[in-house]
Amino acid sequence: MKKNKYPYRSVQDYLDHIGVLERGTAEEIQHARRNFRAIYLKNYRKHYKKFHPSLSISFKEKDKLLLSQRAEENGMKLATFIQRLALDYLNRGSVPCVPHPDIVETKKLFLLCYDLVEELLFESDSNELKVSYERLLTLFGKIEKQLNR
């Protein structure tokens, strides 16, 4: 059985192929665009499923709420958070994407310090402050790497 490769590179290719641009009304062109989108999405989903199998799991409501809160704290969507959580645990034997509450608070204080230093730099034209700012940026970079471990 021969696999059918998706024949169109763009909506323009599709419209040219069916000939609606030459003999169609504006309404027919709009309808053809919608058809192209439907065909494209069907093909995309079919291809995506081949390489991205999905699975379904269920949680009790209280567990789902806990996971949702942790995902939000880490700035992630729930599914992404659960995926990272599982894969990090399997690959590293730990769960680094769920930081200790002290680390979260430290990051907040760190960002506040960073903002204050940046604000001081913009309010002053001092060369000494600019040199100190560059050194602080380097230091902040090192601290940030440690906090993100």
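**A walk through the model**

Arginine 70 has a relative accessibility of 34%, so this residue counts as partly exposed. That value, like the others here, comes from a predicted model. Arginine 70 forms a salt bridge with glutamate 73, and the closest N and O atoms of the two are 3.9 Å apart. The limit for such a bridge is 4 Å between a side-chain nitrogen of Lys or Arg and a carboxyl oxygen of Asp or Glu. Both residues belong to helix H4, which covers residues 61-73, and they sit 3 residues apart, about one turn of the helix. Glutamate 73 is exposed, because its relative accessible area is 55% and the cut-off for exposed is over 50%.

By the rule for salt bridges, the count comes to 2. Aspartate 13 and arginine 9 form a salt bridge too, with their closest N and O atoms 3.3 Å apart. Arginine 9 has a relative accessible area of 77% and is therefore exposed, whereas aspartate 13, at 24%, is partly exposed. As a general point, side chains of opposite charge can pair when their charged atoms come close.

Now to the chain as a whole. The protein chain holds 7 helices and 0 strands, and from the N terminus on its elements run α-α-α-α-α-α-α. Of its 149 residues, 13% count as buried. The chain exposes about 13000 Å², of which carbon and sulfur atoms supply 54%. Among contacts between residues at least 6 apart in sequence, 30% join residues at least 24 apart.

Helix H3 can be followed in more detail. This helix takes in residues 26-51. Its 26 residues should span 38 Å at 1.5 Å a residue, and the C-alpha atoms at its ends are 38 Å apart, so the two values agree. Ile29, Ala32 and Phe36 are buried in H3. The buried residues of H3 pack against helix H1 (11-18) and helix H2 (20-23).

With a relative accessible area of 10%, phenylalanine 36 is buried, because the cut-off for buried is under 20%. The count of aromatic pairs comes to 5. In the pair of phenylalanine 36 and tyrosine 40, the ring centres are 6.2 Å apart and the planes are at 25°, so the pair is stacked. These two residues are 4 residues apart in helix H3, so about one helical turn separates them. Tyrosine 40 is partly exposed, at 31% relative accessibility.

Which residues do the ring pairs link into a cluster? They are Tyr8, Tyr14, Phe36, Tyr40, Tyr44 and Tyr48.

The surface comes last. Tyr40, Tyr44 and Tyr48 make a nonpolar surface patch of about 290 Å². Tyrosine 44 lies in helix H3 and is partly exposed, with a relative accessible area of 41%. Why can tyrosine 40 and tyrosine 44 be counted in a patch? A patch takes residues with over 30% relative accessible area and no salt bridge, and the values of 31% for tyrosine 40 and 41% for tyrosine 44 meet the area condition.

Conventions: Residues numbered from 1 in each chain as written. Predicted model: local features only at pLDDT ≥ 70, side-chain atom pairs only at ≥ 80, totals over all residues. Heavy atoms only, no water. Patch = residues over 30% accessible without salt bridge, like charges linked within 9 Å, V, L, I, M, F, W, Y side chains within 5 Å. Areas by Shrake-Rupley, 256 points an atom, 1.4 Å probe, with all protein chains shown as cover. Buried < 20%, exposed > 50% of the residue type's maximum accessible area, 1.4 Å probe, protein only. Phe/Tyr/Trp six-rings, centres within 6.5 Å; stacked < 30°, edge-to-face > 60°. Expected span 1.5 Å × (residues − 1). Contact = heavy atoms within 4.5 Å.
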